[in-house]
Amino acid sequence: MLVNDPVADMLTRIRNALTARHETVDIPRSKVKLAIADILKDEGYICGYELVGKEDYSGVIRIKLKYTSGGEKAITGLKRVSKPGLRIYANCEDLPKVLGGFGIAIISTSKGIMTDKHARGLNIGGEVMAYIW
């Protein structure tokens, strides 16, 4: 299947799996998606992930979704900000704070993909890829 925006496809798959209360969701593997999965794991939005398939990037990432003890979703919202048709960039002073700091913004910088808090700490800006809360 040809996908024009792989990051939006990843976010949509996660959103749909959470809505359907699935335990896991499979996403085609790429370096960018692995970096986003690492951020989601480090920030506590998912339980973890495993790489399924071949050692190259033709396999899949199996993400284990996280729910609270009451059955509520750990991720209440996902929003793709920068799209292929309209890229959104911000310098370190203008990096967005999602829900006043309760959510995260995923930023693609010259030093890799990271959260808005980490980018502010390094005093660098970049492309605002997505908001997660």
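Me: Among contacts in the chain between residues at least 6 apart in sequence, what share joins residues at least 24 apart?
Reply: This is a predicted model, where local features need pLDDT of at least 70 and side-chain atom pairs count only at pLDDT 80 or more, while totals for chains, interfaces and linings use all residues. Residues are numbered from 1 along each chain as its sequence is written, and side-chain values use heavy atoms, with hydrogens and water left out. Contact means heavy atoms within 4.5 Å. Among contacts between residues at least 6 apart in sequence, the share that joins residues at least 24 apart is 61%.

Me: Why does the radius of gyration of the chain agree with a compact globule?
Reply: The radius is taken over C-alpha atoms, and the globule rule is 2.2 Å times the number of residues to the power 0.38. For 133 residues a compact globule would have a value near 14 Å. The chain agrees because its radius of gyration is 15 Å.

Me: How many helices and strands are in the chain?
Reply: Helices (H or I, at least four residues) and strands (E, at least two) are DSSP runs, numbered from the N terminus. Along the sequence the pattern reads α-β-α-β-β-β-β-β-β-α-β. The count is three helices and eight strands.

Me: What is the order of the strands in the open sheet of three?
Reply: Two strands pair if DSSP finds at least two bridges between them. β1 (residues 24–28) and β3 (residues 60–65) pair in the antiparallel sense over five bridges. β1 and β2 (46–52) are the edge strands, each pairing on one side only. The order is β1-β3-β2.

Me: Which residues form the covered face of β1?
Reply: In a regular strand the side chains alternate between the two faces of the sheet. On β1, the uncovered face holds Thr24, Asp26 and Pro28. The covered face is Val25 and Ile27.

Me: At about what angle does α1 run to β1?
Reply: Axes are lines fitted to C-alpha atoms, for helices over the stretch in contact, and angles run from 0 to 180 degrees between N-to-C directions. α1 lies across β1 and β3. Its angle to β1 is about 165 degrees.

Me: Which residues does isoleucine 75 contact, leaving aside its neighbours within four places in sequence?
Reply: Isoleucine 75 is among the residues with the most contacts inside the largest core. Its contacts beyond those neighbours are Ile14, Leu18, Tyr45, Ile46, Ile132 and Trp133.

Me: Is leucine 99 buried or exposed?
Reply: Leucine 99 is found in the loop between β5 (89–90) and β6. Its phi is near 50 degrees, a positive value in a residue other than glycine. Exposed means over 50% relative accessible area, and partly exposed lies between that and buried. Because its relative accessibility is 53%, leucine 99 counts as exposed.

Conventions. Buried means under 20% relative accessible area, exposed over 50%, partly exposed in between (1.4 Å probe, protein chains only). A nonpolar core is a set of buried Ala, Val, Leu, Ile, Met, Phe, Trp, Tyr and Cys residues joined through side-chain atoms within 4.5 Å.
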